[in-house]
Amino acid sequence: VQVGHGGRSTNGVVQNAPVSITTQNGGSLTLQGGSPPATSGSSNRTYAQVGHGGWGSAVDVSGSDLTASIDGAISLLGGNSADAYAQLGHGGRDADANYASNISVTAGGAVELRGGLIGDETYAQIGHGGANADGTKDGTVEVTAASLLLNGRDVNANYAQIGHGGHNGLGSIGGALASNITVTVTNDIDLLGNDEGSGTAHTQIGHGGHNSGAAGDTVAGTISVTSQNGSITLTGSVGGSANSATQIGHGGYQSDYAVSDQGITVAADAGAIAVIGSGAQNQTQIGHGGELSTGAMSGAITVTAQDDISLTGGGNGDSTAQIGHGGADATGGDYAGGIEVHSSAGAVTLTSGTNTDAVAQIGHGGPYGAATSASLSGDICVVAGTMVTLDAAPDGGNQTYTQIGHGGFNLEGAKSGDITVTS
């Protein structure tokens, strides 16, 4: 199912062909990938997409903005068969082309993105590209909603993402057009990496994705995420699901993208912010980079809330919670930018987890399995309306810590910047 030019395995060029979808009187929009028939047969590659391109396409797109203005809810739901993705953006799974157009999504109700439960790469995405999609990707992404839920779900390479890129995608992002991401939500914002306990799913507001980018690829674009009347919660994966990630920032788990001077702002104007690590090798992060990422990262990070701001390590190895660039075993070498964390009426709390490297950290860097050198810089300011608490779990695993500051276990090299903590 597709609203847009192209189609499966097509090629060509689309210029100045915007796509607009509007509903009235409370109408909703649902894009849902296919599922196997009840009797027999296959539903592989039964995707649902608003945008030009399509599965396996090679259609260059420019000047073709996408607009969805929906009175009710918007749902993007990956299907239950391989490649049964749901996407609002140009490109598609295995697409190989260049895209330069803006995306604007407005919903009077909830916006929900969920990956599928059966079959690889049944992703849900607002952004250009897609899983294994190569080529440059440019354009702003704006999402406005009553509430927001992203859930990467289960199975390898599934994900839920607002931003350009996707699992295994290559090509620079934001080099030709402004490619800022702006998410404004009235009530709660929830990002959950994987609620099923297996697979390598990721959930992200940012450009990039799991195993995305190549040496020399870059990302440009600021990120602003705001809840006006609710709370913002980032949670890693449940159980022992490995190599997943939950992130507000560019890059991703094992990403090779580099990011230079691109700021991140996360604000819960009337609620709390929680960064909760869980699952094995599951980084939960506000910042550019990601576990095992290789690119240099820089840009200011500002996290503000009316109520509590909490970072909590998990119960599995590498189930980290971090506000800062880098990530566990990241090898980018250089991470820079000031970090401000400010709770106007609540507490700021860091609590480490109960397994190896299940750290809670405000600062660039992260824990490392082997000695690594990096240059880390930028002032850090932490302000709480009540108290600031760092709690290292007494029954925590090896290399488990809480920290306000740049660095981390086994991380060598120059570290600079003033640290101010006020309560």
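Q: Which residue stands opposite glutamine 15 in β6?
A: In this predicted model, serine 62 is the residue of β6 that stands opposite glutamine 15.

Q: What makes β2 and β6 a pair of strands?
A: Two strands pair if at least two bridges are found between them. β2 and strand β6 (residues 58–62) have 5 bridges, in the parallel sense, so they count as paired.

Q: Why is β2 called an edge strand?
A: β2 belongs to an open sheet of 4 strands with the order β2-β6-β10-β14 and parallel pairing. The edge strands, β2 (11–15) and β14 (137–138), each pair on one side only.

Q: What makes β23 a partner of both β19 and β27?
A: The cut-off is at least two bridges. Strand β19 (residues 189–192) and β23 pair in the parallel sense over 4 bridges, and β23 also pairs in the parallel sense with strand β27 (residues 273–276) over 4 bridges. Leucine 191 stands opposite leucine 234 in β23, while threonine 233 has alanine 274 in β27 as its bridge partner.

Q: How do the side chains along β23 point, and which are buried?
A: In a regular strand the side chains alternate between the two faces of the sheet. In strand β23 (residues 232–235), Ile232 and Leu234 point to one face and are buried.

Q: Why is the contact between aspartate 83 and arginine 93 called a salt bridge?
A: A salt bridge needs a side-chain nitrogen of Lys or Arg within 4 Å of a carboxyl oxygen of Asp or Glu. The closest N and O atoms of aspartate 83 and arginine 93 are 2.9 Å apart, so the pair meets the definition.

Q: What does the pair of aspartate 83 and arginine 93 tie together?
A: Aspartate 83 lies in the loop between β8 (74–77) and β9 (86–88), and arginine 93 in the loop between β9 and β10 (99–100), so the pair ties together parts that are 10 residues apart in sequence. Both aspartate 83 and arginine 93 are buried.

Q: Which residues do salt bridges that share partners join into one network?
A: The network consists of Asp83, Arg93 and Asp94. A search of the whole structure finds 3 salt bridges.

Q: Why is the pair of tyrosine 85 and tyrosine 123 called stacked?
A: The structure holds 3 aromatic pairs. Rings pair if their centres lie within 6.5 Å, and planes under 30 degrees apart count as stacked. The rings of tyrosine 85 and tyrosine 123 have their centres 4.8 Å apart and their planes at 0 degrees, so the pair is stacked. Tyrosine 85 lies in the loop between β8 and β9 and tyrosine 123 in the loop between β12 (110–114) and β13 (124–126), so the pair ties together parts that are 38 residues apart in sequence. Tyrosine 85 and tyrosine 123 are buried.

Q: What makes tyrosine 123 and tyrosine 159 a stacked pair?
A: Their ring centres are 4.7 Å apart and their planes are at 0 degrees, so this pair is stacked. Tyrosine 159 is in strand β17 (residues 159–162), 36 residues from tyrosine 123. Ring pairs link Tyr47, Tyr85, Tyr123 and Tyr159 into a cluster.

Q: How do you know that the charged end of arginine 8 sits over the ring of tryptophan 55?
A: The charged end of arginine 8 is 5.1 Å from the centre of the ring, and the distance limit is 6 Å.

Definitions and conventions
Residues are numbered from 1 along each chain as its sequence is written. This is a predicted model: local features need pLDDT of at least 70, side-chain atom pairs count only at pLDDT 80 or more; totals for chains, interfaces and linings use all residues. Side-chain values use heavy atoms; hydrogens and water are left out. Helices (H or I, at least four residues) and strands (E, at least two) are DSSP runs, numbered from the N terminus. Buried means under 20% relative accessible area, exposed over 50%, partly exposed in between (1.4 Å probe, protein chains only). Rings of Phe, Tyr and Trp (its six-membered ring) pair if their centres lie within 6.5 Å; planes under 30 degrees apart count as stacked, over 60 as edge-to-face and the rest as tilted. A charge sits over a ring if NZ of Lys or CZ of Arg is within 6 Å of the ring centre and within 35 degrees of the ring normal.
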